[in-house]
Amino acid sequence: MNRRILARVAAGAALVCAATVGVAPMPASAVGSGGARFVISGFGLNNGWRVDRHPRVLADITGDGRADIVGFGDDGVTTAVSRGDGTFTTVFGAVGDFGYAQGWRVGTHPRFVKDVTGDGRADIVGIGNSFVMVSVSLGNGAFAAPLFINIGFVAGSTYFLADVNADNRADLYRVTNGRVDIAVALGNGSFATPILATTEFTVPGGFDTPKVQDVTGDRRAEFLAFSVSGPIHIRSTSPLANNTYPLSHRAQADTTSTPQLMDAFADITGDGLADIVAFGQTGAASYSATSTGGGNFRDFAVAVNDFGAGTGWTRQHPRQVIDVNGDARADIVGFGQQGVWIALSNGNGTFGPTQLLVADFGSDQAWTVDQHVRVAADITGDGRADMIGFGNDGVYSAVTTP
């Protein structure tokens with residue numbers, strides 16, 4: 001993307017956006033980076049890892065508050081545990097399943113790394129052709145042998161993992177044929193017999209882009225989707241005590257700001273409620289719809305005049321919304337052309353000027369979305385998201401600093 005465009009839009013972004021939302025911006029904490037460095041061999045293109053075959057994610061699998069590497073390779077799952085300084089332990093095989101050689105395919109078999117036992121350690125959940133498979137984290141970077149769970153959930157539907165009942169265990173949602181079924185996590189790695197939660201959300205048809213996310217701050221996940229019957233708008237519903245969902249309600253006042261996408265849910269204001277961020281599909285700007293409580297949102301408004309398609313951001317440039325400066329407000333992180341760009345939250349639904357955080361991990365340095373996974377995650381445990389890239393010869397990290 002063009003540096004002159006970035007400089008021009010950054011100069012006026014905070015003022016224009018703050019006026020749009022109508023709330024004064026709040027100063028953001030300073031942020032820097034120690035720069036990118038090679039930290040571990042493995043997980044890279046030259047090691048046989050392919051984007052179209054081998055998912056790689058960052059998740060805390062030990063319970064120490066630091067994100068670790070979990071890779072779904074050819075022969076099973078490989079992990080590397082964070083040391084807390086931006087480096088990782090030696091790669092080792094964690095469990096001999098969920099891999100390409102066992103028949104697992106990207107786009108067909110969803111695989112999640114989330115805590116389903118409530119012990120603070122992320123576990124592996126995979127949706128296979130015949131069973132749900134779960135491997136519980138052992139806390140040392142390895143996982144227990146897979147459990148085969150026959151609850152009728154198989155590959156071919158849309159799945160989510162989210163906590164429906166605030167017990168700190170992620171439950172399994174299936175969305176198919178206009179109905180949502182939920183299998184509640186039992187705490188031992190297994191799931192209960194699914195219950196019918198709602199039949200309202202016909203996708204495709206009356207609704208589009210279903211999402212499951214806690215947006216009220218009560219640790220119970222809401223179900224949200226765009227209504228496409230008439231003017232497009234977001235509808236949301238909160239779970240009842242029996243883990244079912246009542247009929248949804250209109251989540252925004254009008255439809256003048258839609259359609260936008262629900263690209264990311266994150267608390268960008270610091271009030272403990274998840275907001276929505278949408279990256280512009282054609283123009284330069286990105287948008288936010290801040291939460292007002294009760295599963296409701298303000299209408300989409302310009303949040304920053306950048307990170308949209310109009311300033312060169314395409315599928316080649318991953319973008320996230322995550323806290324990079326430790327102020328409990330999520331910021332925008334984009335892996336762009338010259339490197340990693342960030343825009344810090346102003347606390348009012350807008351973001352400050354775009355800054356180049358790390359002059360690496362960009363397309364100018366030969367990183368491509370088709371060959372290299374890049375992600376922002378806190379690998380040091382200090383509350384600030386760091387940058388991790390799976391390159392040609394291994395893993396690189398850039399630790400974020402005050």
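A salt bridge here is a side-chain nitrogen of Lys or Arg within 4 Å of a carboxyl oxygen of Asp or Glu. With that in hand, welcome to the close-ups of this predicted model.

**View 1. Aspartate 327 and arginine 329 are joined by a salt bridge.** Their side chains come to 3.4 Å, taken from N to O. Arginine 329 has a relative accessibility of 6%, so this residue counts as buried.

**View 2. Arg174, Arg179 and Asp181 belong to one network, joined by salt bridges that share partners.** In the pair of aspartate 181 and arginine 174, the closest N and O atoms are 3.3 Å apart. Both aspartate 181 and arginine 174 are buried.

**View 3. Aspartate 64 meets arginine 66 in a salt bridge.** The N to O distance between these side chains is 3.1 Å. Aspartate 64 is partly exposed, at 35% relative accessibility. Arginine 66 is also partly exposed, with a relative accessible area of 22%.

**View 4. The largest pocket has a volume of about 2100 Å³.** Its lining is made up of 49 residues, and those closest to the pocket centre are Val113, Lys114, Leu161, Gln213 and Phe265. Strands that give two or more residues to this lining include β7 (111-114), β11 (158-162), β15 (207-213) and β19 (264-266).

**View 5. The lining of the largest pocket, sorted by residue class.** For anyone setting up a calculation here, the lining residues divide into 26 nonpolar, 15 charged and 8 polar.

Methods
Residues are numbered from 1 along each chain as its sequence is written. This is a predicted model: local features need pLDDT of at least 70, side-chain atom pairs count only at pLDDT 80 or more; totals for chains, interfaces and linings use all residues. Side-chain values use heavy atoms; hydrogens and water are left out. Buried means under 20% relative accessible area, exposed over 50%, partly exposed in between (1.4 Å probe, protein chains only). On a 1 Å grid over the protein atoms alone, a cavity is a set of points where a 1.4 Å probe fits but cannot get out, and a pocket is an open set with protein on both sides within 12 Å along at least five of seven lines; lining residues have an atom within 4 Å of a point. Grid points are joined across faces, edges and corners, and a volume is the space filled by probe spheres set on the points. Helices (H or I, at least four residues) and strands (E, at least two) are DSSP runs, numbered from the N terminus. Ala, Val, Leu, Ile, Met, Phe, Trp, Tyr, Cys and Pro count as nonpolar, Asp, Glu, Lys and Arg as charged, and the others, Gly among them, as polar.
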